[in-house]
Amino acid sequence: ERLDNLAELKQSVFDYETSCGEESLLEHYLAHIALYSGNDRQEKGDRVRLMTVHAAKGLEFPYVFLCGLNEGVFPSQKTNTLERMEEERRLAFVAMTRAEKQLFLTEAEGHHFDSSPRYPSRFLLDIDPSLLHFTHPPQESLMKEAQAYFQRSEQVWQQQAEIDCLTVGQRVRHKVLGSGIIVDIDRDKLAYVIRFDELSTVRTISFRIQLTLIE
């Protein structure tokens with residue numbers, strides 16, 4: 001009987017990790033079994049497992065529904081550099097390759113709260129069109145607008161990457177504020193944090209402002 005109990009515990013842990021992903025922790029499992037009842041084992045039938053893409057790593061399912069494939073959602077609106085976009089693209093690849101038989105991709109049309117158009121995710125355009133079957137094919141004009149938007153954003157990021165060539169610790173000269181040293185780089189704001197020799201507080205200077213490197 002004791003061996004049976006241990007086997008049941010092992011199977012319970014295995015079932016939980018399979019359901020919730022390999023990133024689940026022991027405290028999550030303990031919280032789960034605290035509310036567990038014998039009746040739960042009797043339930044049968046098909047179920048939908050709702051999880052994040054990170055939690056799905058290492059798992060596979062016959063059918064996968066990937067929701068929210070819109071610009072600003074997936075990829076996130078916080079994605080503002082080429083490096084971050086590649087991270088989001090790798091995550092999208094992980095999500096799409098969880099499907100064994102069929103993959104369903106959803107996106108929402110319409111407009112955002114600021115009246116700007118809601119574009120499909122650029123990750124949809126990365127897929128060979130022959131592999132996609134649309135329930136409602138997107139309007140050609142919308143797709144052209146979306147492609148133009150993607151190209152503009154990537155051009156801006158490329159320019160920012162070229163401008164962002166200075167590093168922490170280098171001394172620079174500003175036309176008005178004088179000489180100073182870079183103490184930090186704020187990549188979210190696309191700016192350098194500089195402590196100028198003649199100022200008592202640090203200043204945030206945009207990448208767009210021309211700075212001269214002091215050798």
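Reader: Which residues does Leu 125 touch, not counting residues up to four places away in sequence?
Author: Happy to start there: this is a predicted model, in which local features need pLDDT of at least 70 and side-chain atom pairs count only at pLDDT 80 or more, while totals for chains, interfaces and linings use all residues. Residues are numbered from 1 along each chain as its sequence is written, and side-chain values use heavy atoms, with hydrogens and water left out. A contact here means heavy atoms within 4.5 Å. With residues up to four places away in sequence set aside, Leu 125 touches Met 143, Gln 147 and Phe 150.

Reader: Is Leu 125 buried, partly exposed or exposed?
Author: Leu 125 belongs to helix H4, residues 122-125; helices (H or I, at least four residues) and strands (E, at least two) are DSSP runs, numbered from the N terminus. Buried means under 20% relative accessible area, exposed over 50%, and partly exposed in between, with a 1.4 Å probe and protein chains only. The relative accessibility of Leu 125 is 28%, so Leu 125 counts as partly exposed.

Reader: What distance separates the C-alpha atoms of Leu 125 and Tyr 149?
Author: Along the chain, Leu 125 and Tyr 149 are 24 residues apart.

Reader: Let's zoom out: in what order do the elements of the protein chain run?
Author: The protein chain holds five helices and seven strands. Read from the N terminus on, these elements run α-α-β-α-β-α-α-β-β-β-β-β.

Reader: What is the radius of gyration of the protein chain?
Author: The C-alpha trace spans about 80 × 50 × 30 Å along its principal axes. The radius of gyration is taken over C-alpha atoms, and the globule rule is 2.2 Å times the number of residues to the power 0.38. For 215 residues, a compact globule would come near 17 Å, but the protein chain has 25 Å.

Reader: Which residue follows just after H1 with a positive phi?
Author: Helix H1 covers residues 2-20, and its 19 residues reach 27 Å from the first C-alpha to the last. That is close to the 27 Å expected at 1.5 Å a residue, where the expected span is 1.5 Å times one less than the number of residues. Just after H1, a positive phi of about 95° is taken by Gly 21.

Reader: How far apart are the C-alpha atoms of Glu 60 and Glu 100?
Author: Glu 60 lies in the loop between H2 and E1. Leaving aside neighbours within four places in sequence, Glu 60 is in contact with Thr 97, Arg 98 and Glu 100. Although Glu 60 and Glu 100 are 40 residues apart along the chain, their C-alpha atoms are separated by 6.6 Å.

Reader: Which residues are joined by a cis peptide bond?
Author: Look in the loop between strand E1 (61-66) and H3, where Pro 75 is found. The bond has an omega of about 15°, and it joins Phe 74 and Pro 75.
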